[in-house]
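Please report on the pockets, the cavity and some local backbone features of this chain. Keep it brief.

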Amino acid sequence: MLRIATWHAPLSRKGPGLLLRDLQRAEGGELAQIMATIAEVNADVLLLTQIDYDAGRVALETLRDALAERGASYPHLFALRPNTGRETGRDLDGDERLGQPRDAQGFGYFNGQGGMALLSRLAVDREAVQDFSALLWRDLLGSLIAADDPGHDVQRLSSAGHWTVPLIRETGARLTVTAFHATPPVFDGPEDRNGRRNADEVRFWSLYLDGAFGPVPDFLVILGNANLDPAAGDGRRDAVADLLAKPQVQDPFPGRTTAYWPDPGPGALRVSYVLPTAGLTVVAAGMTDPVGAHRMVWVDIDLPD
């Protein structure tokens, strides 16, 4: 049995190096809660969808070492440079200023803010990783990008990234997990740019399951933060409803919410997902109490040898 989890834990800061500083100082408070929660759930594979990226993985390794002291060992780490904070050279938000957080490929005060990272007890087949993060939004089949979008020729689809990461057990059995964190479908105007992009970021996985990007692995778990609820809240909800309705997908959490934003926020919504494909047996599923707005979501599966 394997436990697969994802969590939009608050592991991002507003400046480079600040997460590392806080991890090195962590003796209590929110970071201690985060590490205690990760250690308690003790997932075999954990995707974090809101953790600052640094090229040397120093912050991620510091987090890994702190978790090991709490009994949660993760010998394999994986993180790619995200689109967050990556400059486009365009005034995407129309404020007549360049280089602002909303002008980046994905919102970010600095390059790599709020990226993604995978912590795993299974080895990563790095040569077989697929990184779709450079795919232009306009090039997605059926793209909802506007013809007059200011970033039409440079805007990437992924706010953070779209990855498929093959993992290998000691027995040789293989499991592929995905990683994504879609932009919130809010913080724009009547043009609904963020809503359209969010829908296409989620719809990417429906296209992937249909073979639009090549062969689909036999054993796959779709992991990440869609920032989209199939039944409530803002956004083009049909994008995630359609994904959940795919015959290839199992949904262990129908109707359950994974995050809560108090008034005047949207309230309780389902935004984080762990979706095993049909060839996997779901043994159990659950979620933690929230730290910040979000709960960790986990699923136990049997992976055939």
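Helix H4 (residues 193-209) gives the largest share of the lining of the largest pocket, with four residues. Helices (H or I, at least four residues) and strands (E, at least two) are DSSP runs, numbered from the N terminus. This is a predicted model, where local features need pLDDT of at least 70 and side-chain atom pairs count only at pLDDT 80 or more, while totals for chains, interfaces and linings use all residues. Residues are numbered from 1 along each chain as its sequence is written, and side-chain values use heavy atoms, with hydrogens and water left out.

**Pockets and cavity**

The search runs on a 1 Å grid over the protein atoms alone. A pocket is an open set of points with protein on both sides within 12 Å along at least five of seven lines. A cavity is a set of points where a 1.4 Å probe fits but cannot get out. Lining residues have an atom within 4 Å of a point. Grid points are joined across faces, edges and corners, and a volume is the space filled by probe spheres set on the points.

| Space | Volume | Lining by class |
|---|---|---|
| Largest pocket | about 1,300 Å³ | 20 nonpolar, 18 polar, 12 charged |
| Second largest pocket | about 150 Å³ | eight nonpolar, three polar, two charged |
| Largest cavity | about 60 Å³ | six nonpolar, no polar, three charged |

In these classes, Ala, Val, Leu, Ile, Met, Phe, Trp, Tyr, Cys and Pro count as nonpolar, Asp, Glu, Lys and Arg as charged, and the others, Gly among them, as polar.

The largest pocket is lined by 50 residues. Arg102, Phe107, Thr183, Pro184 and Phe187 lie nearest its centre.

The second largest pocket has 13 lining residues. Nearest its centre are Pro16, Gly17, Asp52, Tyr53 and Asp54. Helix H1 (18-25) and helix H3 (58-69) each supply at least two residues of this lining. H1 gives the most, with three residues.

The count of cavities of 30 Å³ or more comes to one. Its lining consists of Ile51, Asp52, Tyr53, Asp54, Arg57, Leu60, Ala79, Met116 and Ala117.

**How H1 meets H3**

Two packed helices are described by the angle between their axes and the distance between the axes. The axes of H1 and H3 come within 9 Å and cross at roughly 20°. Axes are lines fitted to C-alpha atoms, for helices over the stretch in contact, and angles run from 0 to 180 degrees between N-to-C directions. H1 and H3 are therefore roughly parallel to each other, a term for angles under 35 degrees. Their crossing is left-handed, meaning that the near helix is turned anticlockwise from the far one by less than a right angle.

Leu19, Leu20, Leu23 and Gln24 in H1 meet Val58, Ala59, Thr62 and Leu63 in H3. Contact means heavy atoms within 4.5 Å. The residues of this contact divide into six nonpolar, two polar and no charged.

**Loops**

Which residues does Ala293 touch, not counting those up to four places away in sequence? They are Thr258, Ala259, Tyr260 and Trp261. Ala293 lies in the loop between strand S13 (281-287) and strand S14 (297-302). Ala293 and Trp261 are 32 residues apart in sequence, yet 6.1 Å apart in space, C-alpha to C-alpha.

Asp263 and Pro264 are joined by a cis peptide bond, with omega about 15°. Pro264 sits in the loop between strand S10 (259-261) and strand S11 (267-269).

Asn42 is in the loop between helix H2 (29-41) and strand S2 (45-51). Its phi is near 55°, a positive value in a residue other than glycine.

How values were computed
Angles under 35 degrees count as roughly parallel, over 145 as roughly antiparallel, 65 to 115 as roughly perpendicular and the rest as oblique.
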